[in-house]
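Reader: I would like to learn how to read a few features of a structure. Where do we begin?

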Amino acid sequence: MVENRLKEYREARGLSQVELSRLARIAAPNLSAIERGRLLPWGKAKKRLAKALRCDEASLFPQEGQGGN
């Protein structure tokens, strides 16, 4: 499993998974899998999610920046 802070940021912004998936242009099932750590997000997905949540990628996926995968 890949840890991330996606759910925390999404809920802080008051967004549902469906709303975030639309904003980030990512299929809702993929977003759910990323949020649960079952799917590794690809480069464009990370950028879109960070933009939609108004944060940087390193905040959403902190282990990747620390070599923790």
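Author: With contact, which here means heavy atoms within 4.5 Å. The model is predicted. In this model S21, which sits in helix 2, is in contact with I26, A27, A28 and L31, leaving aside its neighbours within four places in sequence.

Reader: Is S21 buried or exposed?

Author: Buried means under 20% relative accessible area, and exposed over 50%. S21 has 7% relative accessibility, so it counts as buried. A58, in helix 5 (residues 57-60), has a relative accessible area of 52% and is therefore exposed.

Reader: How do I read the faces of a helix?

Author: An α-helix has 3.6 residues a turn, so residues three or four places apart point the same way. Take helix 4 (residues 43-53), where the buried residues are A45, K46, L49, A50, A52 and L53. Seen down the axis of helix 4, these fall within an arc of 165 degrees, so they line one face. The face turned away from that buried side carries the exposed residues K44, K47 and K51.

Reader: Which residue just after helix 4 takes a positive phi?

Author: R54, at about 55 degrees.

Reader: How should I use the confidence values?

Author: Where pLDDT is low, the predicted coordinates should not be read in detail. Here the mean pLDDT of the protein chain is 91, and 91% of its residues reach 70 or more. Among its elements, helix 6 (residues 62-65) has the lowest mean, 70, and helix 2 (residues 17-24) the highest, 98.

Terms used
Residues numbered from 1 in each chain as written. Predicted model: local features only at pLDDT ≥ 70, side-chain atom pairs only at ≥ 80, totals over all residues. Heavy atoms only, no water. Buried < 20%, exposed > 50% of the residue type's maximum accessible area, 1.4 Å probe, protein only. Helix = DSSP H or I, 4+ residues; strand = E, 2+ residues; numbered from the N terminus. Arc of directions from axis to C-beta. pLDDT = per-residue confidence, 0-100.
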